[in-house]
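Subject: Handing over the structure

Hello,

Here is the structure we talked about. Please look through it first, then read my notes below.

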Amino acid sequence: MASPNRLIELSNVIAEKTKVISDFLASKGLEPPSFDVDGLADYAISPDDKEAYEARLELITASKELYALAHGPKDYIRNICWDAMDPLSLQAIWAFRVPQAVPLTGKISYEDLAEKCHQLSGVSVPPFTLRRIIRHAITNRFFCEPELGFVAHNRASRVLLEEENLDAWVGLLCNDIWPGFACTVEALRRWPGSGEPNETGINVAYNHNVDWFDHTSRNDVVADRYSKSMKAHGGGVGFDISHTVTGYPWADLGKGTVVDCGGSAGFAAMAIAQAHPNLTFVVQDQEHTITEETKAAVPQHLKSRVRLEVHDLLKPQTVVGDVYFFRWVFHAFSDKYAVQVLRSLIPVLKKGAKVVVNDGVIPEPGTVPWMNYRSIRCMDLLCLAVANTGERALDDWIGLFKMADPRFKFLNAWQPPKSTMWFIEVEWQP
Ligand SMILES: C[S@@+](CC[C@H](N)C(=O)[O-])C[C@H]1O[C@@H](n2cnc3c(N)ncnc32)[C@H](O)[C@@H]1O
């Protein structure tokens, strides 16, 4: 139970952690981030700056709790339901290209903005409606109204203008997937306990029976948005590809062959190949991902060691490798299909071949900072809504391999320093 002094405790934590962060930034001659249009969009604090980095996570945890407690439970419930409007105004400003329509310097009237949005998005939104949407977005700190009736950028809306991958992330979540979130409970009612990828909120929302990857591949624009969104999500500190490169003893494989299963356009394989000149990679993904264009994008100096090919992970594997690497792939498969993916490897597995998973592991509640725990819980629900899958705790991962075949022997699992994702290493011991 919260102590009566919890408000004071939290405000003390907040004061203390804010000071740690401010002192750190001041010592480096840096400004804190700001929503001013020319402010910093991000903290210049890396996980290497341990004290300041942890202080920031603790500040976020404490301020979220303080925010909730300052409401009190009743008001908090009333307000959290109002949060359902957040993706609505965000989807609208994204869809009507408002960040692109507002000038980067100066301001624009709602009337002129409506006209500009019409030109850019093809959608005619009356100035009155656009004003309602933007004034809601302003409550979420997107844009500002420096003079009544005029809109200007702030730092957050400017990010949407300038950062293509984050703009795609907003579009994917608020436009493409959001209808699926709203229909997930209906999907759970319709198909209780289903692990099928085509019995989800997305299927209810879009009224079709294909899985998420078919759904995205049918529309080049959505497929492109999905791929950019993966980069935006992977752009978070803990998801940096450097953790994948340095977090596993790749050098121990000598002149080995790594099959990067579901490796997208090969950016992880290329990053590892760059650091380990003895390794060869075969990147496998679906037809719409492995195109002539993505193949041509492999830099000349890596072409002899990084080959991209179309392969359906649910079909028998054909490449004999030393390591079958799955980075951030299994949460697209419910246990039923994840087991099928693993069993599909068996025909080509030589004794001692490894399966290496680089993915999320749900931590025990209370063992990681709130922001990190929340992020994996959000991803878990996203997976439920789009694919009837989810994130896995360590026991779930170990159980998955056992379920696939007892000859998959669990070796080790670890979370490299500063990485959000874990490595799980399994060996084929027939
Ligand atoms: C979340 S992405 C991860 C991509 C990449 N490994 C990374 O680290 O960012 C999952 C990938 O699995 C691929 N995928 C899903 N189902 C597949 C299947 N049946 N066969 C091959 N690839 C598949 C998707 O196309 C996508 O590129």
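**Asn-154 and its surroundings**

Asn-154 is in contact (heavy atoms within 4.5 Å) with Phe-35, Val-37, Arg-141, Phe-142 and Phe-143, leaving aside its neighbours within four places in sequence. Before going on, a note on the source: this is a predicted model, where local features need pLDDT of at least 70, side-chain atom pairs count only at pLDDT 80 or more, and totals for chains, interfaces and linings use all residues. Residues are numbered from 1 along each chain as its sequence is written, and side-chain values use heavy atoms, with hydrogens and water left out.

Asn-154 sits in the loop between strand 3 (150-152) and helix 8 (155-162). Helices (H or I, at least four residues) and strands (E, at least two) are DSSP runs, numbered from the N terminus. Asn-154 counts as buried because its relative accessibility is 6%. The scale is this: buried means under 20% relative accessible area, exposed over 50%, and partly exposed in between, with a 1.4 Å probe and protein chains only.

The side chain of Asn-154 has a polar atom 3.1 Å from the backbone nitrogen of Ala-156. A polar atom of that side chain also lies 3.0 Å from the backbone nitrogen of Ser-157. For such pairs, a polar contact is a pair of N or O atoms within 3.5 Å; within protein, one must be able to donate a hydrogen and the other to accept it, and residues adjacent in sequence count only if both atoms are side-chain atoms.

Phe-143, one of the residues that Asn-154 touches, is in the loop between helix 7 (127-139) and strand 2. Phe-143 is not a glycine, yet its phi is positive, about 65°. With 2% relative accessibility, Phe-143 counts as buried.

**Glu-145**

Glu-145 belongs to strand 2 (residues 144-147). Its relative accessibility is 22%, so Glu-145 counts as partly exposed. Leaving aside neighbours within four places in sequence, Glu-145 is in contact with Tyr-110, Arg-135, Ile-138 and Phe-150. With Tyr-110 there is a polar contact between side chains, at 3.0 Å. A polar atom of the Glu-145 side chain also lies 2.8 Å from the backbone nitrogen of Gly-149. Val-258 is 113 residues from Glu-145 along the chain, and 53 Å separate their C-alpha atoms.

**Arg-97**

Arg-97 also has a positive phi, near 60°, and is a residue other than glycine. Where is Arg-97? In the loop between helix 4 (86-95) and helix 5 (98-101). At 23% relative accessibility, Arg-97 counts as partly exposed.

**Domains**

The chain is divided into domain 1 (5-71), domain 2 (90-162), domain 3 (164-235) and domain 4 (237-428). These bounds come from an automatic or database domain assignment. The contact between domain 3 and domain 4 takes 21 residues from domain 3 and 17 residues from domain 4. Taken over C-alpha atoms, the centres of domain 3 and domain 4 are 21 Å apart.

**The ligand**

Which domains supply the shell around the ligand? Domain 3 and domain 4 each give at least three residues. The shell divides into 7 nonpolar, 6 polar and 3 charged residues. Here Ala, Val, Leu, Ile, Met, Phe, Trp, Tyr, Cys and Pro count as nonpolar, Asp, Glu, Lys and Arg as charged, and the others, Gly among them, as polar.

There are 16 residues around the ligand (a heavy atom within 4 Å), and Gly-262, Asp-285, Asp-312, Leu-313 and Arg-327 come nearest. An N or O atom in the side chain of Asp-285 is 2.5 Å from an oxygen atom of the ligand. A polar backbone atom of His-311 is 3.5 Å from a nitrogen atom of the ligand. A polar side-chain atom of Arg-327 is 2.7 Å from a ligand oxygen. Taken alone the ligand exposes 590 Å², and the protein buries 95% of that. Accessible areas come from the Shrake-Rupley method with a 1.4 Å probe; for residues, only the protein chains shown count as cover.

**Thr-244 and Asn-358**

Arg-327 turns up again here. Thr-244 and Asn-358 both list Arg-327 among their contacts. Thr-244 is in helix 14 (residues 241-246), and Asn-358 is in strand 8 (residues 354-359). Their side chains make a polar contact at 2.7 Å. Thr-244 is buried, at 2% relative accessible area. Asn-358 counts as buried at 2% relative accessibility.

Best wishes
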